[in-house]
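Work through the exercises below with the sequence and the structure in view. Each task is followed by its solution.

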Amino acid sequence: MKKFVRVENVGQTFHTRKGAFVALRDIDLTVEQGEFITLIGHSGCGKSTLLNLIAGLTRPTSGVLLCAEREITGPGPDRAVVFQNHSLLPWLTCFQNVYLAVERVFGGKEKRPQLAERSQAALDLVGLLPAQNKLPREISGGMKQRVGIARALAIEPGVLLMDEPFGALDALTRAHLQDELLKIVAKTHTTTIMVTHDVDEAVLLSDRIVMLTNGPAATIGDILSVPLARPRDRVRLANDATYLACRASVVDFLHRRHGNPERAQAAAQANAQTLREVDPAVLDAASPATRVAA
Ligand SMILES: Nc1ncnc2c1ncn2[C@@H]1O[C@H](COP(=O)(O)OP(=O)(O)O)[C@@H](O)[C@H]1O
Ligand SMILES: [Mg+2]
């Protein structure tokens with residue numbers, strides 16, 4: 001498999017009014033073509049910072065990032081980004097929102113009918129062709145995110161970058177869109193890097209889960225391969241031993257090895273004697289923490 005995205009020895013320091021803030025250090029990651037990678041970690045650990053670096057929206061303080069063996073020096077059509085907030089233009093229809101992106105990338109060499117065809121094919125991919133003439137305010141939050149994904153895929157990016165794309169949606173809509181995303185990447189084989197703080201989402205979607213330690217100076221603490229065959233079915237996986245083992249491994253990383261700093265502090269203030277007497281495994285089983293506290 002071709003190494004498609006490379007992050008080599010990357011660090012990111014922000015210069016704030018209070019002085020230098022080291023957000024990321026020593027990040028090394030290679031993503032192969034067609035791989036689905038999720039970045040998971042507690043809120044504020046640096047997931048978005050890393051994704052923005054790959055998107056080329058920011059430049060690293062140290063190290064180098066490459067996409068298809070070319071250094072990433074800014075945003076480009078080879079890397080499409082989907083944010084949590086759909087960021088559609090409210091005065092344009094779904095079709096026009098997608099068309100705008102398509103025109104920007106392919107407008108130089110293709111005529112209008114071809115551009116329209118590309119736009120409609122992308123909307124069809126996310127099941128939104130019937131809503132193509134609606135304005136963003138006329139459709140649901142889940143549909144808006146699907147338009148955002150259509151717009152990203154319409155430019156045929158080498159890499160699809162997503163920053164908690166389903167984070168603002170209710171659980172059922174989120175599950176539905178995860179299933180849809182699974183089908184889309186199975187069809188398009190698009191290399192995908194997605195930020196999430198949802199353990200189940202990470203296991204369901206990923207080939208590998210990249211787990212970040214807590215900041216400041218966060219880095220990759222562990223990478224978990226998810227050896228589940230595709231297509232994946234969430235209902236069947238619910239009791240699958242491999243699925244459960246992967247899930248347990250991520251939960252262990254997030255809640256035991258790299259517990260939320262705020263929660264750790266709260267726990268320290270609680271009755272230490274009681275905490276010492278309770279087996280952590282029992283605590284875990286009693287409250288299956290599927291989502292990292294935001
Ligand atoms: N432009 C910036 N200037 C200063 N600090 C920043 C900037 N962007 C992010 N940070 C800090 O870097 C850390 C990581 O942020 P972020 O990548 O947004 O976390 P996550 O996406 O994992 O929640 C946080 O402590 C955040 O406050
Ligand atoms: Mg973020």
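**Exercise 1.** Decide whether Ala 68 is buried, partly exposed or exposed, and do likewise for Glu 69.

Solution. Start with the scale: a residue with 20 or more other C-beta atoms within 10 Å of its own is buried, one with 12 or fewer is exposed, and one in between is partly exposed, the C-beta atoms being placed from the backbone. Ala 68 has 16 other C-beta atoms within 10 Å, so it is partly exposed. Glu 69 has 9 C-beta neighbours inside 10 Å and therefore counts as exposed.

Next, place the residues. Ala 68 is in the loop between β4 (62-67) and β5 (70-71), and Glu 69 is found in the loop between β4 and β5. Helices (H or I, at least four residues) and strands (E, at least two) are DSSP runs, numbered from the N terminus.

Last, look at the backbone. Ala 68 has a phi near 50°, a positive value in a residue other than glycine. Glu 69, not a glycine, has a positive phi of about 70°.

The model is predicted: local features need pLDDT of at least 70, side-chain atom pairs count only at pLDDT 80 or more, and totals for chains, interfaces and linings use all residues. Residues are numbered from 1 along each chain as its sequence is written, while chains are lettered from A and ligands numbered from 1 in the order in which they are written.

**Exercise 2.** Describe how α3 packs against α4.

Solution. Two packed helices are described by the angle between their axes and the distance between the axes. Axes are lines fitted to C-alpha atoms, for helices over the stretch in contact, and angles run from 0 to 180 degrees between N-to-C directions. For α3 (residues 112-125) and α4 (residues 141-154) the angle is about 135° and the axes are 8 Å apart. That makes α3 oblique to α4; angles under 35 degrees count as roughly parallel, over 145 as roughly antiparallel, 65 to 115 as roughly perpendicular and the rest as oblique.

Then list the contact, where two residues count if their C-beta atoms, placed from the backbone, lie within 7 Å. From α3 come Arg 118, Ser 119, Ala 122, Leu 123 and Leu 125, and from α4 come Ala 150, Leu 153 and Ala 154.

**Exercise 3.** How are α4 and α5 oriented, and which residues meet?

Solution. The angle between α4 and α5 (residues 171-188) is about 15°, with the axes 11 Å apart. The two helices are therefore roughly parallel to each other. Gly 142, Gln 145, Arg 146 and Leu 153 in α4 meet Thr 173, His 176, Leu 177 and Thr 188 in α5.

**Exercise 4.** Where are the cis peptide bonds at Pro 216 and Pro 231?

Solution. One joins Gly 215 and Pro 216, with omega about -5°; Pro 216 lies in the loop between β9 (208-212) and β10 (220-225). Another runs from Arg 230 to Pro 231, with omega near 0°, and Pro 231 is in the loop between β10 and α7 (234-237).
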